[in-house]
Amino acid sequence: MLGIETSCDETAAAVVLRTGPQQGKILSNIVRAQLDDHAAYGGVVPEIAARAHVEVLDVLVAQALSETGLSWDELDGIAATAGPGLLGGVLVGLMTAKAIASARGLPFVAVNHLEAHALTPGLTDGLAPPYLLLLVSGGHTQLLIVHDLGAYERLGTTLDDALGEAFDKTAKLLGLPYPGGPEVEKCAADGDPSRFDLPRPLMGREAPDFSFAGLKTALRRQAEQHSPLSNQDVADLCASFQQAVGDVIVDRTATAINLFEKRVASMKDRNLVVAGGVAANQALRARLAQLCEKKNFVFHVPPASLCTDNGAMVAWAGAERLSRGLTDGFEFPARARWPLDPDAAPKIGAGVKA
Amino acid sequence: MNVLALDTTLGACSAAVARGEPDAPDTTGAFELREREHAEAIIPMIEHVLTDAGIGYEDLDAIAVTTGPGSFTGVRVGIATARGLALALDLPLIGATSLEVMARKALEKINDAPDVLGVVVDARRGQVYMAVFDGSGSTRSVPEALTPERAVTRLPEGGHTVLVGGGAELVRQASADPKALQVVLPDLQPDAQMLARMAMTRTPEREPLRPLYLRPPDAKPQSGKAIPRRD
């Protein structure tokens, strides 16, 4: 299966071989990040991203295929992210995939980007549903029960900013380079996490939702009070921010684990998966690993290259869907909002993120 | 020679096949006025046209596409589709601007060939996309994004000047002598059938086919939001 991903600022194409349920192998996985294109703007600019995707995607697809030594006719299907994401970019991948599938007479699979993240542990860890998923990226922050392919139950979501967005905004506020997440983590390593008293929004609430807008405002206020900031101030702010975020993530995930235990009958399935770009944060991973140990859950994190956006996860999700006969027509639209759990109520402040 | 052409740049969606002799090809096409959802319509339309023409993808010799100007998204839908087809079929690409396809179509419809033909699209935000041609369809001024006032200065003085397209009236009204300019075919759109015919006599691109946006992306560099640093 060929997989194409263009929903944010990574242009990606990959070929994955699926040999059975939760059995697959990545044959090629090409990712071109656009960091330099967006650095001057301190965040992803949708139109710049879309323009960059269309310049290089066909070259990356050709490369992904040639690395496998396969011909077009040896593929079984073409998959592309059809949403949720930045529509201009999504359309580039979607149309490229449709064109290839139509031209080669291959099945086309429109993949939900979130489902691709959600199913990645099947490819990397051979993990079969059900499992609990914490999806944390620049665009999403959700806790979901993965019951089965296509059957997702949202337990909680952010009500405003995504966690990766909160990291990026913190970095921007403190004058750290883009992308901010890794920079905040790096600075936090040299800081005192107890120096600044920051709020832990929604901690202790019954529903495992998230909110990061208030935390960001509190951080700004503290930073302004100490302006101009020394390097140590910045390190301490980053450490305090990461500590607050960690407390929130652990508390919300613990709440979700309790819900998972109530709702999933079979207790052999005690697995927590963390996916999305923020899963690369070592401090947060360590704290979640601790939580899992305490709760007697097995902790799964896909390798960093498969946590951030990539084509392999799209190819894998496409292959999983194709194995159940789930293919899509060429009239399939790009979708800015495409919740995994259509029954969950939209959260107004989160917009497309919920 | 068999060419497949497509257009999704402006207010229509079309696909066509041209076959046979380059100078007098047979064409089969589909065309619909469409402001949105080109991405949903274009592939089924291409498959439909191929079926109508009685050929398959394997019979094609080249893919032609309009490169813009138009809506940024529409332009990319066309280019991504064409580049995807070319990649999967190992075929060359032929590009033409949306405005030159419109010019050729207009010249076919206008009985008295003008001396000067301005093809004008309303680009919104106080601008038009315009290119200027002579009566035979040769380019006299390349596509640009211009205010209507600037666009007027691109029209050569004298001779019979005709403006076509959805932005034609904007330019006519910006002229010092609106009566000297004739506006016809205000609803003119690009059409893949014309593009397919044009492509029959063109040399394929050597470089990858790129969108013609004519405008920079909407984006402003980040400024002054960070808290001041001491060191």
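How do the residues of the lining of the second largest pocket divide into nonpolar, polar and charged? They divide into 17 nonpolar, twelve polar and eleven charged, where Ala, Val, Leu, Ile, Met, Phe, Trp, Tyr, Cys and Pro count as nonpolar, Asp, Glu, Lys and Arg as charged, and the others, Gly among them, as polar.

The model is predicted, and totals for linings use all residues. Residues are numbered from 1 along each chain, and chains are lettered from A in the order in which they are written.

A pocket is an open set of points on a 1 Å grid over the protein atoms alone, where a 1.4 Å probe fits, with protein on both sides within 12 Å along at least five of seven lines; its lining residues have an atom within 4 Å of a point. The largest pocket holds about 1,200 Å³ of space, a volume being the space filled by probe spheres set on the points. Its lining has 39 residues, and Cys8(A), Ser137(A), Gly138(A), Gly139(A) and Asp168(A) lie nearest the centre. Of the lining, 15 residues are nonpolar, 15 polar and nine charged.

Among the contributors to this lining is H5(A), which gives the most, six residues; helices here are DSSP runs (H or I, at least four residues), and strands are runs of E (at least two). Because domain 1 (2-120 + 305-353) and domain 2 (129-302) of chain A both give residues to the lining, the largest pocket lies between them. The domain bounds come from an automatic or database domain assignment.

The second largest pocket holds about 1,000 Å³. Its lining has 40 residues, with Thr9(B), Leu10(B), Glu35(B), His38(B) and Ser71(B) nearest the centre.

Technical notes
This is a predicted model: local features need pLDDT of at least 70, side-chain atom pairs count only at pLDDT 80 or more; totals for chains, interfaces and linings use all residues. Side-chain values use heavy atoms; hydrogens and water are left out.
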